[in-house]
Amino acid sequence: MRLPSFTCIIVYMKTAVKTKSTTTLSVSDIDSEAISSFRFMGDYQFGTMEVTFQSGAVYRYHEVPYITVLTMATWVNGENSLGWYFNKFVRSAYRYELVA
């Protein structure tokens, strides 16, 4: 069983007016029949998630809650199906576009 590869980069940007933080979460080396990898770019509330499928297609989903992506990351290579979670909670729930 392959273990997933996680990368989390946290960048803090501070201004005199307000504080804003952004994060990037990348998950690759996924043992899934449907999904090859995914990554999240945004703040700790909402952001953009790019999903690369085993077919090579890349879709970008907009305004995805960070907690949804974290939950999806916990399903990677677990007993539960990552594809099932994605289809139930992400696929038709958010605005998306085909990137590649």
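Biologist: Are tyrosine 61 and phenylalanine 86 buried or exposed?

Modeller: This is a predicted model. In it, tyrosine 61 and phenylalanine 86 are both buried.

Biologist: Why is the pair of tyrosine 61 and phenylalanine 86 called edge-to-face?

Modeller: Two rings pair if their centres lie within 6.5 Å, and planes over 60 degrees apart count as edge-to-face. Here the centres are 5.5 Å apart and the planes stand at 85 degrees, so the pair is edge-to-face.

Biologist: What parts does the pair tie together?

Modeller: Tyrosine 61 is in strand S5 and phenylalanine 86 is in helix H2, so the pair links parts 25 residues apart in sequence.

Biologist: Why is the pair of tryptophan 75 and tryptophan 84 called stacked?

Modeller: The cut-off for stacked is under 30 degrees. The planes of tryptophan 75 and tryptophan 84 are at 20 degrees, with centres 5.5 Å apart, so this pair is stacked.

Biologist: What makes tryptophan 75 count as buried?

Modeller: Buried means under 20%. Tryptophan 75 has 19% relative accessibility, so it counts as buried.

Biologist: Which residues touch the most other members of the largest nonpolar core?

Modeller: Among them are Val51 and Phe86, in a core of 22 residues. H1 gives the largest share, four residues.

Biologist: Which residues does valine 51 touch?

Modeller: Its contacts include Ile35, Phe38, Tyr61 and Phe86, leaving out residues up to four places away in sequence.

Terms used
Residues numbered from 1 in each chain as written. Predicted model: local features only at pLDDT ≥ 70, side-chain atom pairs only at ≥ 80, totals over all residues. Heavy atoms only, no water. Phe/Tyr/Trp six-rings, centres within 6.5 Å; stacked < 30°, edge-to-face > 60°. Helix = DSSP H or I, 4+ residues; strand = E, 2+ residues; numbered from the N terminus. Buried < 20%, exposed > 50% of the residue type's maximum accessible area, 1.4 Å probe, protein only. Core = buried A, V, L, I, M, F, W, Y, C linked by side-chain atoms within 4.5 Å. Contact = heavy atoms within 4.5 Å.
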